[in-house]
Amino acid sequence: MSGNITLLRGLSPAATEQEIYAAAQEYVRKVGGVSGLTTATKAAVDKAVAAIAAATTQILAELPERRASVGEPPTRRGAARDTVAEEAS
């Protein structure tokens with residue numbers, strides 16, 4: 001897991017649901033100190049990820065437009081994109 005949360009505002013095209021979900025997962029795992037899911041942590045992590053993803057979707061929709069970021073964000077690079085797709089399924 002990276003130490004940085006990916007910037008999602010100003011992406012062109014806009015951040016996908018999968019990218020938002022992946023950022024929420026990273027945030028929850030980092031803040032919660034959870035590196036892997038167990039039966040003891042899964043429900044709490046899933047609930048928190050859903051809440052963070054919903055809040056992220058809302059703030060991205062409500063913030064004013066921003067000039068597109070320079071370069072490709074990490075979640076849109078080959079290996080990371082494949083990992084995001086696997087985790088979302």
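Which side chains meet in a salt bridge? The points below answer this and go on to other features.

1. Basis. This is a predicted model, in which local features need pLDDT of at least 70 and side-chain atom pairs count only at pLDDT 80 or more, while totals for chains, interfaces and linings use all residues. Residues are numbered from 1 along each chain as its sequence is written, and side-chain values use heavy atoms, with hydrogens and water left out.

2. Salt bridge. The side chains of Lys-42 and Asp-46 meet in a salt bridge, at 2.6 Å from N to O. The term means a side-chain nitrogen of Lys or Arg within 4 Å of a carboxyl oxygen of Asp or Glu. The structure holds one such bridge. Lys-42 and Asp-46 are four residues apart in helix α2, so about one helical turn separates them. Helices here are DSSP runs (H or I, at least four residues), numbered from the N terminus. Lys-42 is partly exposed at 41% relative accessibility, and Asp-46 is partly exposed at 30%. Buried means under 20% relative accessible area, exposed over 50%, and partly exposed in between (1.4 Å probe, protein chains only).

3. Helix α1. This helix has 16 residues and reaches 22 Å from its first C-alpha to its last, close to the 22 Å expected at 1.5 Å a residue. The expected span is 1.5 Å times one less than the number of residues. Among the buried residues of α1 are Glu-19, Gln-25 and Glu-26. Just after α1, Gly-33 takes a positive phi of about 65 degrees.

4. Core. The largest nonpolar core has 10 residues, including Leu-8, Leu-11, Ile-20, Val-34 and Val-45. Such a core is a set of buried Ala, Val, Leu, Ile, Met, Phe, Trp, Tyr and Cys residues joined through side-chain atoms within 4.5 Å. Helices α1 and α2 are the elements that give two or more residues to this core, and α1 supplies the largest share, four residues. Leaving aside neighbours within four places in sequence, Val-34 is in contact (heavy atoms within 4.5 Å) with Arg-29, Thr-41 and Val-45.

5. Glu-65. This residue lies in the loop between α2 (42-62) and α3 (78-88). Glu-65 counts as exposed, at 79% relative accessibility. Glu-65 and Leu-11 are 54 residues apart in sequence, and their C-alpha atoms are 10.0 Å apart in space.

6. Ile-5. This residue is found in the segment before α1 (17-32). Ile-5 is partly exposed, with a relative accessible area of 44%.
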